[in-house]
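Please read the following note alongside the sequence and the structure. The points are numbered so that each may be checked in turn.

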Amino acid sequence: MVNGVPLTFHLAGINNQNFIMRDEETGTYWQQISGAAISGPLKGAQLQLILSDELTFFTWKAEAPQGMVFNDVPEFVSDYAPKDWDVRMKKAPTVISFNEHSLGARDLMLGVQAFGASRAFLLDRVLKEKLVVDRIAGEPVLLLVGPDYQSIRVFHARVAGVNGVTGFYRIAEPAALFMDDATGSKWNFQGCAVEGKLQGKCLKQLPALKDYWFDWRNYNPKTTVYGKE
Amino acid sequence: MQRKRLTLTLIVLACVAIALFAVGYPIYVIRPFRHQGAQELAVALVVARFRVIASSAAALTAAIAFYTYWRSMGLWRGVLAGLGVVITVVLAYASRVNIYELMFHPVARASFSQPSDVKLDGDEKVIAIRINDQARAYPIRSMSYHHVLNDQVGGTPVAATY
C-alpha cells in the first residue's frame, strides 16, 4: 500500500537474482528485498515492511492456533520446491559475489537492519550457538534459537524502563528459553519475561531476513558480519 | 512506384525493429543467471513499461502502411512486407505476456485453512505475520514457487514475498 492506495503485485523480472515485482495499478517496478520502487510512476516510494518471522510450522502452530495457513494451489503442487529449498539452492551459480569475510556467495545469513546499520550473522553459527548477544550500532541485540532448534528471532536486548539488563544466557525449561543476568528473570521465545522481577516485560523484536550472503551484501554494502571483525 | 516500394519497406523494417527492441531488450537484460548492470536494467524497465504501447503502435503502423502500399510491391516483396507485418503483430501479442508468470504461476484466488486442517510437516518453514491479532502463515515450500501473494490480513493489504 502506498499513500493509502492498495497495490496488487506480480512477479515481473529479476535483478541480480533478487526478483522484481510490478504493481498492476500503476505499472511501477519494485525490488523485492528492499520494497523500493525502482522504476515507473512511483519511483522513489517505499513499501512498509511488516515484521515477519521464519518459523517452523510446529512453532507457529503452537503460538497461533487461531491463525490461518495459505493453502497449496492444487494445480501447481507438483512444481513446489522441497522443504529444504534454500539449502539445495546453495549449489546454484550466482552472477555477483563478494569475496569478503571468508564467506561463500550462497552462505545463508541472517541479516538485520537496525539502528541505522546492517549486520549479518552466519545462520549455521547462530543455530549452533543458540543464543547470541551482540551489538548493532552500539545497541545490544539478542539472537535466539527457538525450542525447535530451527526458528530464530532477533530482539533489541534492552528492557524499557529498566537499566543494566543486557546479559542473557540460555536455559532449557518447558516454559522459558533464557534468563537475564541482572534480575534472573526467565524469558520465552516471544521475548517476554514469564517469571521473575521482570515478568510481563517484553523485548522489542527486530526484523531479520534470511538471505544468501551475495544478496544481503549487494543491498547492504556497509554490512558488518558477526564474528568477522 | 519505386518510391512507394521503398516507403513501405522502410516503414515495415522500422516497425519490426521497434517491436523487436520493445519486446526483446527487456527479456535479454532481465533474464535469470545473467548479471544486470544498473544502467541497462533502468533502460530495460522503461522499455518494459512501454513495450505494449510501442509494439502495438508498430504493428498498427506496419499494417496501415501495408494496406496502403502493397499493390505497388510485386508478389515477393509483397509477401516479405506482409511477413514483416505478421512479425510485428506477433510481437505486439508477445508484449502482453508476462513470461515470469508463465514460469512461476501467480495465485489467482488464495485460500486459507486452520493449522489443524493443514498437512505440513512440523519442521516445514513458514513466513509468519500477525496484524491486529490476525495471524497468517505462508509455507515457504509454496511461496518459493509463487514468489508473490497478495493478501489482506487484519484489514491491511499485504504482499507476502519470497
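**Note on the predicted model**

1. Helix 1 of chain B has a kink of about 30°, centred on Phe21(B). The bend at a residue is the angle between axes fitted to the seven residues ending there and the seven starting there. Helices (H or I, at least four residues) and strands (E, at least two) are DSSP runs, numbered from the N terminus.

2. The model is predicted: local features need pLDDT of at least 70, side-chain atom pairs count only at pLDDT 80 or more, and totals for chains, interfaces and linings use all residues. Residues are numbered from 1 along each chain as its sequence is written, while chains are lettered from A and ligands numbered from 1 in the order in which they are written. The average pLDDT (the predictor's confidence in each residue, from 0 to 100) of chain B is 94, and 99% of the residues score at least 70. For the model, ipTM is 0.94 and pTM is 0.92.

3. What span should helix 1 of chain B have, at 1.5 Å a residue? Its 28 residues (2-29) should span 40 Å, which agrees with the 39 Å between its end C-alpha atoms. The expected span is 1.5 Å times one less than the number of residues.

4. Among the buried residues of helix 1 of chain B are Leu8(B), Ile11(B), Cys15(B) and Ala22(B). A residue is buried if 20 or more other C-beta atoms lie within 10 Å of its own, exposed if 12 or fewer, and partly exposed in between, with C-beta atoms placed from the backbone. The cover over these buried residues includes helix 2 (38-69) and helix 3 (75-94) of chain B.

5. Between the chains, 55 residues of chain B are in contact with 48 residues of chain A; contact requires C-beta atoms, placed from the backbone, within 7 Å. On the side of chain B that touches chain A, strand 2 of chain B gives the most, with seven residues. Strand 2 of chain B also runs antiparallel to strand 5 (residues 53-56) of chain A, joined by four bridges. Two strands pair if DSSP finds at least two bridges between them. Here Thr56(A) stands opposite Lys125(B).

6. Within chain A, strand 9 (residues 131-136) and strand 10 (residues 139-145) pair in the antiparallel sense over six bridges, and Arg135(A) stands opposite Pro140(A). These strands form a hairpin with two residues between them, and Ala137(A) in the turn has a positive phi of about 50°.

Methods. Contact = placed C-beta atoms within 7 Å.
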